[in-house]
Amino acid sequence: MKGREWYQATDVAQEYEQKRFSRGGRLINRREKRAALNALGPVEDRDILEIACGTGRFTVMLAEYDANVVGLDISGPMLQQGRAKAQKAGVADHLDFLRGDAARLPFPDDHFDAVLAMRFFHLADTPASFLSEMRRVTRDQVVFDTFNRFSARSVYNWLLPMGSRLYSRGEVERLLQRTGLELVGEEHDFVLPYGFYRRIPNELASTFRGLGTGVGRAPGGDRLATVSWWNTSIGE
Ligand SMILES: C[S@@+](CC[C@H](N)C(=O)[O-])C[C@H]1O[C@@H](n2cnc3c(N)ncnc32)[C@H](O)[C@@H]1O
C-alpha cells in the first residue's frame, strides 16, 4: 500500500492541505467536493462511511450537510487534522473519526447507506480487496475516484514521491464486475492534472481551468481526463 507510512508523519499531515489546496489547488478542492456530492445525492440523515478520510475534507463537509458520517483513516496525524477541522467547523459532535485499516473495516455487513473513498485507489496495491470490503459494509452505494492511465497524469507520475496506480476504464469495469458493483454514474474531469494547478497562482488557475474544461467538453475530451469519479450501487 503506497502512502501507508508516508501519511503517518506529523509534518506530512500538517502540510497536506496547504500543499494541495492553496494557490491554484483551491479549485480542485471545490470540484472534488462537488463531485462527491453529485454522486452521493442528498446526504441528510444518511449513514456514510468515508475510508482514507485523511484530514477530513469530505467528512466535515458531509457532517455540515447533516449526514451521519464516520471518517476512517490509518494515520493518527491525518485524523488529528480532521478533528481540529471538525472543531473549527462546529461539527465535532456530529461525526466520528476512527483509526483503522480500510483492508479490515471494523463494521458489520450492510452497516452504512454509502461508502466514499477519495484519493485512495491510486495508493492501493490490491484494489479489488479494498473495494469488496467497501461493498460489504454498505447497503446501497460505493463512490470512489481513480486517476487515469491514458492521461497527462501518467506524464508527471514519476515526479511524485510514491507514484500512483493509474486505471484504465476497462480496469475499473473489471473491478466493479469482480466485486459485484453496478456503475450508475460517472464524471471525468481535469485534462490538466491536479499537480499543475497546485503549482500556479490562484489568479492564473481559472484561465487554465477554462482551457482544460473546453478541451474536456469537446467530443472525446472525456478520454483525456486525469480523474474519474465513479458512482456505484450494489444493485438488487
Ligand atoms: C492522498 S490521502 C487522501 C485523504 C483524503 N481522502 C482526501 O482526499 O483529502 C490518502 C489517505 O489514505 C490513508 N490510507 C492509506 N492506506 C490506508 C489504509 N490501508 N486504510 C485506511 N487509510 C489509509 C492515508 O493515511 C491518507 O490519509
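How many nonpolar, polar and charged residues are in the shell around the ligand? In this predicted model, the shell has 12 nonpolar, four polar and five charged residues. Select the ligand and its surroundings: 21 residues are around the ligand, and the closest are Tyr7, Ala52, Gly54, Ser75 and Ala102.

Next, select residues 112-117, which form strand S4. Five of the six residues of S4 are buried, so the strand is largely enclosed by the rest of the structure.

Valine 115 can be found opposite valine 142 of S5.

**Helix H5**

Select residues 127-136 to show helix H5, which makes a right-handed β-α-β unit with S4 and S5. Which residues of H5 are buried? They are Pro127, Phe130, Leu131, Met134 and Arg135. Turn the view to look down the axis of H5: these buried residues fall within an arc of 140 degrees, so they line one face of the helix. An α-helix has 3.6 residues a turn, so residues three or four places apart point the same way. To see what covers the buried residues of H5, display S1, S4, S5 and helix H7 (169-179), which are among the covering elements.

**Strand S2 and helix H3**

Move to strand S2, residues 68-73. Five of its six residues are buried, so S2 is largely enclosed by the rest of the structure. S1 and S2 run parallel and share five bridges; in one of these pairs, aspartate 47 has asparagine 68 of S2 as its bridge partner. Follow the chain from S1 through H3 to S2 to trace a right-handed β-α-β crossover.

Select H3 itself, residues 57-64, where seven of the eight residues are buried. The buried ones are Arg57, Phe58, Thr59, Val60, Met61, Leu62 and Ala63. Their cover includes helix H2 (26-40), S1, S2, helix H4 (76-89), strand S3 (95-99) and S4. Just after H3, check the backbone of aspartate 66, which has a positive phi of about 70 degrees.

On to S3, which runs parallel to S2 and is joined to S2 by five bridges. Here valine 69 stands opposite leucine 95 of S3. With H4 displayed as well, S2, H4 and S3 can be followed as a right-handed β-α-β unit.

**Two loop residues**

Select arginine 165, in the loop between helix H6 (153-156) and H7. Arginine 165 has 17 C-beta neighbours inside 10 Å and therefore counts as partly exposed. Leaving aside neighbours within four places in sequence, arginine 165 is in contact with Phe121, His122 and Ala124. A C-alpha to C-alpha distance from arginine 165 to serine 154 gives 9.5 Å, for a separation of 11 residues in sequence.

Finish at proline 219, in the loop between helix H9 (202-217) and strand S7 (227-233). Is proline 219 buried or exposed? Proline 219 counts as exposed because it has 6 C-beta neighbours inside 10 Å. Between the C-alpha atoms of proline 219 and leucine 204 there are 26 Å, and the two are 15 residues apart along the chain.

How values were computed: Residues numbered from 1 in each chain as written. Predicted model: local features only at pLDDT ≥ 70, side-chain atom pairs only at ≥ 80, totals over all residues. Near = placed C-beta within 6 Å. Nonpolar A, V, L, I, M, F, W, Y, C, P; charged D, E, K, R; others polar. Buried ≥ 20, exposed ≤ 12 C-beta atoms within 10 Å, placed from the backbone. Helix = DSSP H or I, 4+ residues; strand = E, 2+ residues; numbered from the N terminus. Pairing = 2+ DSSP bridges. Right-handed = clockwise from strand over helix to strand, strands pointing away. Arc of directions from axis to C-beta. Contact = placed C-beta atoms within 7 Å.
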